[in-house]
Amino acid sequence: MNVVDSEVVAAILQKQDYQITEEINEASLILVNTCSIRDNAEQRIRARLREFGRIKKENKEVSVGLIGCMAERLKEQLLEEEAVIDLVVGPDAYRELPRLLSQVELGQKGIDTLLSTTETYADIEPVRMDKNKVTSFVSIMRGCNNFCSYCVVPGTRGRERSRDPETIIAEATDLFENGYREVTLLGQNVNSYKWGDMEEGVSFEQLLDRVAGIDPLLRVRFATSHPKDMSDELLKVMAGRPNLCRSIHLPVQSGSSAVLKRMKRKYTREHYMDRVEAIRKYLPDASLSTDIIAGFCGETEEEHKQTLSLMEWAGYDLSFMFKYSERSETFAARKLEDDVPERVKTKRLNEIIELQLKLSLAGKQKDIGKSYEVLAEGTSKKSEEQLYGRTSQNKVVVFPRGLVKPGDYVHVKITDCTSATLLGVLNF
Ligand code: SAM
Ligand code: SF4
């Protein structure tokens, strides 16, 4: 999401004659786009700010701005605590950047953290900053109305609002015409995308079908689905369109219904399992990934074990795994006690990671001997002679370059794997 937002910011600033530089010492303006989701994300930003302070000492012409969720969460406090910062801009105020920058040029500090109920930046054509020119993100909505008890997002990104579907289709079509072969539609809860009145309006299922209809050669992915809103209708649309990728990210957070209740996730373990069964029924070849939080308020050893057993049952291909980090002003921070000791959180997270490594390896071993259509994305990190790409299931495959170029579709026969990567040969 922040990658897309940075591309929107770049587009706004290009109109003011700013240019992006790869070389930080050439920059007259450094903007750091921030995340507040866990405390360690914010601590990393603070460390970067110290680095920027050194750059600013050497060159008095440099200005430093902090944008994104941390700007929204901490507002003026940032200007008080971090002398290096000239500019603080929240996620809904990027159109104000030119005005705020002219204030900074006059030697003042600039701040705007107003949230909006309508801003989607729908009319702004993002300046693409991806390196491969094959895959890109398209934002379809902003904000979130779910208020999971641990989460800062509704506070830092505001209420949920969907973007005009015509602008989404136009952006995806333009990407395809410029050689891109994959778009990922982004929102905090894409299943609740909704434009206009439902009689004549556009639902997420309809939007997805339209984006997939741009061209069969355009792969379409989306994130994130919320288990409470994931419909059979969506899975049926996917089953009917081979270019809708066979990969579903369905964050579970915990395998215990009691913990899910404290998290205010609005589904139970049983409902989640029912949704996974529906995925298996309509899309038997789909991969499944998730997010898991270890050591949420009041989590017992038994509740933790339920997370492990659900992971085994679902056989996740990939998980993003985190220790619970208390965030001020969330429901959990106000009403629940962060009572799982740090060493217990670490132990539980390690058990979750260890199990996931086993599941990821087992899932990939099953792919050995099979042939997959792979979209080539770029040169492999390890060798110029090899390319990497991904299967529809979102698994990374490394294979010999041959005459293949990034953006080509190739068939690769899988010959070996690690827990993170498939290795294969071209299969003509
Ligand atoms: N909207 C998506 C959803 O509901 O799944 C993703 C939101 S968040 C940007 C990505 C992930 O960060 C969440 O799924 C959750 O696992 C994790 N997360 C959010 N708040 C957290 C917290 N306070 N401590 C630890 N992990 C957290
Ligand atoms: Fe946060 Fe829950 Fe919204 Fe995801 S759905 S962004 S976890 S409040």
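β13, helix α12 (residues 301–314) and β14 together form a right-handed β-α-β unit; right-handed here says that, with the strands pointing away from the viewer, the path from the first strand over the helix to the second runs clockwise. Helices (H or I, at least four residues) and strands (E, at least two) are DSSP runs, numbered from the N terminus. This is a predicted model, in which local features need pLDDT of at least 70, side-chain atom pairs count only at pLDDT 80 or more, and totals for chains, interfaces and linings use all residues. Residues are numbered from 1 along each chain as its sequence is written, chains are lettered from A and ligands numbered from 1 in the order in which they are written, and side-chain values use heavy atoms, with hydrogens and water left out.

Within the unit, strand β13 (residues 287–294) pairs with strand β14 (residues 318–323) in the parallel sense, over six bridges. Pairing asks that DSSP finds at least two bridges between two strands. Asp 291 sits opposite Phe 320 in β14, and Ile 292 is opposite Met 321 in that strand. β13 also pairs with β12, again in the parallel sense, over three bridges, and there His 249 stands opposite Ser 289 in β13.

So how much of β13 is buried? Eight of its eight residues are, so the strand is largely enclosed by the rest of the structure. Buried means under 20% relative accessible area, exposed over 50%, and partly exposed in between (1.4 Å probe, protein chains only). In a regular strand the side chains alternate between the two faces of the sheet. In β13, Ser 287, Ser 289, Asp 291 and Ile 293 are buried on one side, and Leu 288, Thr 290, Ile 292 and Ala 294 are buried on the other.

Gly 255 comes in the loop between β12 (247–249) and α10. Gly 255 is buried, with a relative accessible area of 1%. Leaving aside residues up to four places away in sequence, Gly 255 touches Arg 269, Gln 306, Thr 307 and Leu 310, contact being heavy atoms within 4.5 Å. The C-alpha atoms of Gly 255 and Lys 335 are separated by 22 Å, with the two residues 80 apart along the chain.

Another set of strands runs antiparallel. Strand β15 (residues 371–379) is joined to strand β18 (residues 409–417) by five bridges, with Ser 371 opposite Lys 413. Five bridges also link β18 to strand β19 (residues 421–426), likewise antiparallel. A hairpin of three residues connects β18 to β19, and Lys 413 stands opposite Val 425 in β19.

Helix α5 (residues 97–105) has Leu 97, Leu 100, Leu 101 and Val 104 as its buried residues. They cover an arc of only 100 degrees around the axis, which puts them on the same side of α5; the arc is that of the directions from the helix axis to the C-beta atoms. An α-helix has 3.6 residues a turn, so residues three or four places apart point the same way. What covers the buried residues of α5 includes α1 (2–14), β1 (29–34), β2 (63–68), β3 (87–89) and β4 (110–112). After α5 comes Gly 107, with a positive phi near 90 degrees.

A few backbone details stand out. Most residues other than glycine have a negative phi, and most peptide bonds are trans. Lys 75, not a glycine, has a positive phi of about 45 degrees; it is found in the loop between α3 (69–74) and α4 (76–81) and is partly exposed, at 31% relative accessibility. Lys 266 also has a positive phi without being a glycine, at about 70 degrees. Lys 266 belongs to the loop between α10 (257–262) and α11 (269–282), and at 53% relative accessibility it counts as exposed. As for the peptide bonds, the one joining Ala 223 and Thr 224 is cis, with omega about 5 degrees; Thr 224 lies in the loop between β11 (219–223) and α9 (232–239).

Finally, ligand 2. Around it are Cys 144, Asn 146, Phe 147, Cys 148, Tyr 150, Cys 151, Val 153, Pro 154, Gln 188, His 226 and Arg 265, a residue being near a molecule if one of its heavy atoms lies within 4 Å of it. This shell divides into seven nonpolar, three polar and one charged. Ala, Val, Leu, Ile, Met, Phe, Trp, Tyr, Cys and Pro count as nonpolar, Asp, Glu, Lys and Arg as charged, and the others, Gly among them, as polar.
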